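Here are some questions and answers about one protein model. Keep the structure in view as you read.

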Amino acid sequence: ISGAMIYLQIPFPLQPLIITESQVNSWAVILTLLGLCLYLTHGLTERADTKRQLAAEWIVEKCEGLVSMNMGGRYAGYEYLIAAIMGLSALSSLSCLIGLFAPTGDVNVTAGWAVLVFMLITRQKLAGGFLNYLKGFTEPIPLFTPMNFISEFSTPVSMAFRHYGNVMSGAVISALLGAALRGLIRLLLGWIPLVGGIPLLQIGLPAVFSIYFDVFSGLMQAFIFA
């Protein structure tokens with residue numbers, strides 16, 4: 001709830017370079033993905049005869065299908081970027097299950113992703129010509145131009161805050177739930193010696209809610225962002 005821990009501040013002319021828990025955990029996730037990719041693609045054969053290669057081919061086929069369904073065959077090749085984004089987002093959110101601070105719970109991380117994706121989107125739009133790009137703001141009628149500008153540049157803001165907000169809200173709700181259950185057990189059984197100090201309601205029940213707030217929500221947000 002208090003945010004990512006700051007590990008180090010390196011002095012720079014304009015502002016210090018801050019190394020936080022989010023950055024360190026992000027690199028841990030990236031290295032984990034790298035190791036997973038190396039493992040899945042090691043010793044590939046023309047005909048898949050191992051579960052590892054079947055899993056790798058299944059991932060590739062699903063990402064290709066996702067891109068083809070949403071973007072069309074013209075943009076074949078983007079599946080690698082989409083797969084990287086989805087894997088990075090999912091593992092970042094799921095890292096909280098092993099006690100790490102989820103990088104997706106830091107708006108600086110999701111904002112960085114959103115800016116990069118927005119630059120890619122804008123570059124693709126500019127491929128049709130700068131004048132055509134500007135003309136798009138006047139459609140369907142010139143009266144909509146101010147709203148189209150706002151809509152265009154609110155895209156990265158929406159992507160960043162929606163992803164961060166859903167992940168962080170899940171962490172906050174889980175923490176509040178744990179505190180509420182601790183208070184409830186004290187209220188109900190606090191008068192009984194020894195038993196009142198045992199967090200009975202905190203055993204198992206928070207894990208059930210974690211399946212939604214951490215696992216399902218984290219995977220869903222990865223899919224939505226991708």
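Q: What makes E152 count as buried or exposed?
A: This is a predicted model, so every value comes from predicted coordinates. E152 has a relative accessible area of 10%. Buried means under 20%. The value falls under that cut-off, so E152 is buried.

Q: How do you know that the side chains of E152 and K125 meet in a salt bridge?
A: The N to O distance is 2.8 Å. The cut-off is within 4 Å, between a side-chain nitrogen of Lys or Arg and a carboxyl oxygen of Asp or Glu. A search of the whole structure finds one salt bridge. As a general point, side chains of opposite charge can pair when their charged atoms come close.

Q: Why is K125 called partly exposed?
A: K125 has a relative accessible area of 38%. Partly exposed lies between the buried limit of 20% and the exposed limit of 50%. The value for K125 sits in between, so the label is partly exposed.

Q: What makes helix 2 roughly perpendicular to helix 3?
A: Helix 2 (residues 51–71) and helix 3 (residues 79–94) pack at an angle of about 110 degrees. Angles of 65 to 115 degrees count as roughly perpendicular. The angle is in that range, so helix 2 is roughly perpendicular to helix 3. Their axes are 9 Å apart. The crossing of these two helices is right-handed.

Q: Why is helix 3 called roughly antiparallel to helix 4?
A: Helix 3 and helix 4 (residues 107–126) pack at an angle of about 165 degrees. Angles over 145 degrees count as roughly antiparallel. The angle is over that limit, so helix 3 is roughly antiparallel to helix 4. Their axes are 13 Å apart. Helix 3 passes helix 4 in a left-handed crossing.

Q: Is M71 buried, exposed or partly exposed, and what makes it so?
A: M71 has a relative accessible area of 35%. That is between 20% and 50%, so M71 is partly exposed. The residue M71 lies in helix 2. M71 and S26 are 45 residues apart in sequence. In space they are 28 Å apart, C-alpha to C-alpha.

Q: What makes G170 count as buried?
A: G170 has 2% relative accessibility. The limit is under 20%, so G170 is buried. Its place is in helix 7 (residues 155–189). G170 and Y212 are 42 residues apart in sequence, but 8.6 Å apart in space, C-alpha to C-alpha.

Q: How do you know that N25 is buried?
A: N25 has a relative accessible area of 7%. That is under 20%, so N25 is buried. N25 lies in helix 1 (residues 21–40). N25 and L36 are 11 residues apart in sequence and 16 Å apart in space, C-alpha to C-alpha.

Q: Which bond joins E139 and P140?
A: A cis peptide bond joins them, with omega about 0 degrees. P140 lies in the loop between helix 5 (130–135) and helix 6 (145–153).

Methods:
Residues numbered from 1 in each chain as written. Predicted model: local features only at pLDDT ≥ 70, side-chain atom pairs only at ≥ 80, totals over all residues. Heavy atoms only, no water. Axes fitted to C-alpha atoms, helices over the stretch in contact; angles between N-to-C directions. Helix = DSSP H or I, 4+ residues; strand = E, 2+ residues; numbered from the N terminus. Parallel < 35°, antiparallel > 145°, perpendicular 65-115°, else oblique. Left-handed = near helix turned anticlockwise from the far one by under 90°. Buried < 20%, exposed > 50% of the residue type's maximum accessible area, 1.4 Å probe, protein only.
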